[in-house]
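Subject: Structure for your files

Hello,

Here is the structure I said I would pass on. My notes on it follow below.

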Amino acid sequence: MKAVAVFPRTKEVRVIEQEVPRMAEPDQVKLRILDIGLCGTDKEICAFAYGTPPAGSDYLVIGHESLGEVIEVGPAASRVNVGDLVVTTVRRPCPHPECRPCRAGYPDFCITGDYTERGIKGAHGFMTEEVVDHERYMHVVPPELRDVAVLTEPLTIAEKAANQARQIVDRLPWLKRDLQEEARRHNPTAVVLGAGPVGLLGAMKLMAAGWQTFVYALAPAPNPSSDIVEAIGGQYGSQGRIAVEKQKALFGHIHLIYEATGVSRLAFEAWKLLGPNSVFIFTGVPSLKGPIEVDTDLLMRNIVLKNQIIFGTVNASSEHFDEAIRDIGVFHQLWPGTLRALITSRSAPEEAPGVLLGNIGGIKNVVTFETSGGATEREQSR
Ligand SMILES: [Zn+2]
Ligand SMILES: [Zn+2]
């Protein structure tokens, strides 16, 4: 069966042939892969800035944003059935007994750094025809979400952030009550930095929860991302084109900033807009480009005098996958065409290296195994 792999030593990205995986343990499940989403992490792996093959392998099969269909179920697997659509989690726990987060089922909070991630770090990914994994890492998706369920994994970032932010808001009893009882009337304000898939899905999560949401990104409107922001009822502004009156109106009245660009300069600029008792959430991972000047006195004054909280968040745990699948269903009901518009291309696996190494733009580009003629080849390989 075919797979898309990177060879870090020879610096190649290509389609390879590899053996169909076998079920080795009773709680395992075999999937036929349908869709794989591509993101900045995949691009970095293909630029050899990132990505580690499994021990003993000279290549890494990429792909971590997956949607598959169950084709075989081990005797000890009881939750999924043949024909189910599933999204599989990415990170797997480290082996160290002293890592309490991993031992408790939260490898997204691993403290040793020895976790593995399918398609990224030390474990093959999902950009291949068939995959075997343990049932406990799989999350069932309702069939009506077939077209959009590949967006689940990038949405888990916002789900984990929302979960953490909720716990932080719990320290403010009046706000906690307002948000629970009348989010729309209370009209909390959020700014999302970045209009890629992570930013747009974060904006959808905020809008669905009744937040007034502003999305700031580099590209001037109109563009496909600004169309999406407007279609869900948010407001889009591009960098350097935020009207001064709007900036003034926002200043000090923002309850939450969700950073999804990895551009630290923009993040620290936007921070100044944050109001009292607010939260700044970092999700982007900037490449290291050397120090820049930041007004640290002003930021520190704000953090202290305005009771601000800043936190970073990476990856997600099992419950965030379930929440993401639920929210994909909510977004699909609220904005069916708009959610689908996040997926701007579908390519065959043979085209994946070109898509990853080129610059095709778009919002979420997807590799699909459905139209590649894979079915016939798969039958022959058995
Ligand atoms: Zn990704
Ligand atoms: Zn760990």
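The side chains of K205 and D327 meet in a salt bridge, with 2.8 Å from N to O. Please keep in mind that this is a predicted model. The K205–D327 pair links distant parts of the chain, since K205 sits in helix α5 and D327 in helix α10 (residues 318-334), 122 residues apart. D327 counts as buried, at 13% relative accessibility.

K205 has another partner: it also forms a salt bridge with E159, where the closest N and O atoms are 3.0 Å apart. K205 lies in helix α5 (residues 197-208) and E159 in helix α3 (residues 152-169), so this pair ties together parts that are 46 residues apart in sequence. K205 is buried with a relative accessible area of 19%; the cut-off for buried is under 20%. E159 is buried too, with a value of 1%.

A search of the whole structure finds 18 salt bridges. Salt bridges that share partners join R32, D35, E69, R146, R346 and E370 into one network.

C39 is in the loop between β3 (28-37) and α1 (40-46), while H64 is in the loop between β4 (60-61) and β5 (65-73), 25 residues apart. H64 is buried, with a relative accessible area of 4%.

E65 also forms a salt bridge with K364, the closest N and O atoms being 2.8 Å apart. E65 lies in strand β5 and K364 in strand β19 (residues 364-368), so the contact ties together parts that are 299 residues apart in sequence. Both residues are buried: E65 has a relative accessible area of 3%, and K364 has 1%.

On cysteines, the structure holds 0 disulfides. C46 is in none, and the nearest cysteine sulfur, that of C39, is 10 Å away. C46 is buried at 3% relative accessible area, and C99 is buried at 0%.

Two remaining items concern a sheet and the surface. An open sheet of 3 strands has the order β2-β1-β4, with antiparallel pairing. Its edge strands are β2 (12-17) and β4, each pairing on one side only. Strand β1 (residues 2-7) is joined to β4 by 2 bridges, and A5 stands opposite V61 in β4.

On the surface, M300, V304 and L305 form a nonpolar patch with about 350 Å² of accessible area together. L305 is in helix α9 (residues 296-305) and counts as exposed at 62% relative accessibility.

Regards

Terms used
Residues are numbered from 1 along each chain as its sequence is written. Chains are lettered from A and ligands numbered from 1 in the order in which they are written. This is a predicted model: local features need pLDDT of at least 70, side-chain atom pairs count only at pLDDT 80 or more; totals for chains, interfaces and linings use all residues. Side-chain values use heavy atoms; hydrogens and water are left out. Helices (H or I, at least four residues) and strands (E, at least two) are DSSP runs, numbered from the N terminus. Buried means under 20% relative accessible area, exposed over 50%, partly exposed in between (1.4 Å probe, protein chains only). A disulfide is a pair of cysteine sulfur atoms within 2.5 Å. Two strands pair if DSSP finds at least two bridges between them. Patches are made of residues with over 30% relative accessible area and no salt bridge: like charges are joined within 9 Å, nonpolar side chains (Val, Leu, Ile, Met, Phe, Trp, Tyr) within 5 Å. Accessible areas come from the Shrake-Rupley method with a 1.4 Å probe; for residues, only the protein chains shown count as cover. A salt bridge is a side-chain nitrogen of Lys or Arg within 4 Å of a carboxyl oxygen of Asp or Glu.
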